[in-house]
Amino acid sequence: MHFLQIPGPTNVPGRVLRAMSRPTIDHRGPEFAELTLDLLPRLRAVFQTRHDVVVYASSGTGAWEAALVNTLSPGDRVLAFETGHFATLWCQMAARLGLEVDFVPGDWRHGVDPDLVAEHLTDQTAAVMVVHNETSTGVRSRIPEIRAALDRAGHPALLLVDTISSLGSMDYRHDEWGVDVTVGCSQKGLMLPPGLGFNAISPKALAHPGRMLRSYWDWRPVLAANRTGYFPHTPATNLLYGLAEALTMMEEEGLDQVFARHDRHAEATRRAVRAWGLEVLCADPREYSSALTAVMTPPGFDADEVRRVILERYDMSLGAGLGRLSGQIFRIGHLGHFNDLMLAGTLGGVEMGLRAAGLPIKEGGVQHALAYLAETGS
Ligand SMILES: *Cc1c(COP(=O)(O)O)cnc(C)c1O
């Protein structure tokens, strides 16, 4: 069996695959309206919002674009932080769309510093863009503290948050944390194949339509059609079947238990990494990701060579170092559909692979992780 332990796309459970294998139906027929009207309120629960969530047939990148073009005007200033590769890409998109980006440099080992948010706000700042879980580094930004910084400054900027790799794996509260647009997609914590993008929208964001050009991404026609259970275009019907099943799985387990499971697997992973004598990239324990762990290889050891050995010998895919971290880290995905034995197998493969690639690791990494799982297991 192939182990797909990259931080997205993730392992799709058999239940979800089987749900998606049902025949495609008429997206303008009565059965489809029932599907949508059942699905949308349940999807809101995952964002912990009472407000609208728009579903696109797109990857996460499309949903990024939707968040910008539905809220901003050409030439608007946005404030963003260099937490890693994905934060950088989202900013490049904003600049290409004609926005003025204030991009605060970072070291790719920390999340957004809430104090720096306040420091860099200007009278012209229209929005603050934050990646909740920076998938390139395994670092989580503290959204409630960023919200508090905006509130303390009494600043009206919209808060736009990318939760693409945390949604459905790590606690995330669109309403309580005062987020204006939350960007998500299907293939990471939600246990689905790629192909769905999401925007959760606050009433404030909806009331600020901006003047950027938009057509397919315009929320309003989608929201209007959704009221009666339809879409203004052909939706990704079979992915919606899968989404309904994935939501059922999360409801059965309970969202709090889903988050606790990921927190526990992340801690077990970090214990293994430390026991091997290696370093976790995330430099601040308050910012550890529960969706993935980025591991630094010691100087002189190419992380891509470690990944190559692991893929060849054990048929397991791990995440590569992206951008400026290329060759220096590998990333262990433990998000989405994942359990204790999958973690044990994953860490076993990493430990054997590190040794096979000639890294001078210490004994006992997997044992430390298993001991923690045993201690904390139900
Ligand atoms: C994967 C990812 C994206 C990009 O999503 P695509 O579906 O590849 O377009 C953006 N942001 C984060 C944090 C991601 O993990």
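The expected span of a helix is 1.5 Å times one less than its number of residues. The views below come from a predicted model.

**View 1. Helix α12 from end to end.**
Helix α12 covers residues 340-356, 17 residues in total. From its first C-alpha to its last it reaches 24 Å. That is close to the expected 24 Å. Just after α12, G358 takes a positive phi of about 85°.

**View 2. The buried residues of α12 and their cover.**
Which residues of α12 are buried? They are L343, T346, L347, G349, V350, E351, G353 and L354. Their cover includes the helices α10 (255-276), α11 (303-314) and α13 (365-376). Strands β1 (3-5), β13 (316-320) and β14 (329-333) are also part of that cover.

**View 3. α12 against α13.**
These two helices pack at an angle of about 165°, and their axes are 9 Å apart. Angles over 145 degrees count as roughly antiparallel, so α12 is roughly antiparallel to α13. The crossing is right-handed. From α12, the contact uses D340, A344, L347, G348 and E351. From α13, it uses G365, V366, A369, L370 and L373. Six of the contact residues are nonpolar, two are polar and two are charged.

**View 4. α10 against α13.**
Here the packing angle is about 150°, with the axes 7 Å apart. That makes α10 roughly antiparallel to α13. α10 passes α13 in a right-handed crossing. On the α10 side are R264, E267, A268, T269, R271, A272, A275 and W276. They meet G365, V366, H368, A369, Y372, L373 and T376 of α13. This contact divides into eight nonpolar, four polar and three charged residues.

Methods
Residues numbered from 1 in each chain as written. Predicted model: local features only at pLDDT ≥ 70, side-chain atom pairs only at ≥ 80, totals over all residues. Helix = DSSP H or I, 4+ residues; strand = E, 2+ residues; numbered from the N terminus. Buried ≥ 20, exposed ≤ 12 C-beta atoms within 10 Å, placed from the backbone. Contact = placed C-beta atoms within 7 Å. Axes fitted to C-alpha atoms, helices over the stretch in contact; angles between N-to-C directions. Parallel < 35°, antiparallel > 145°, perpendicular 65-115°, else oblique. Left-handed = near helix turned anticlockwise from the far one by under 90°. Nonpolar A, V, L, I, M, F, W, Y, C, P; charged D, E, K, R; others polar.
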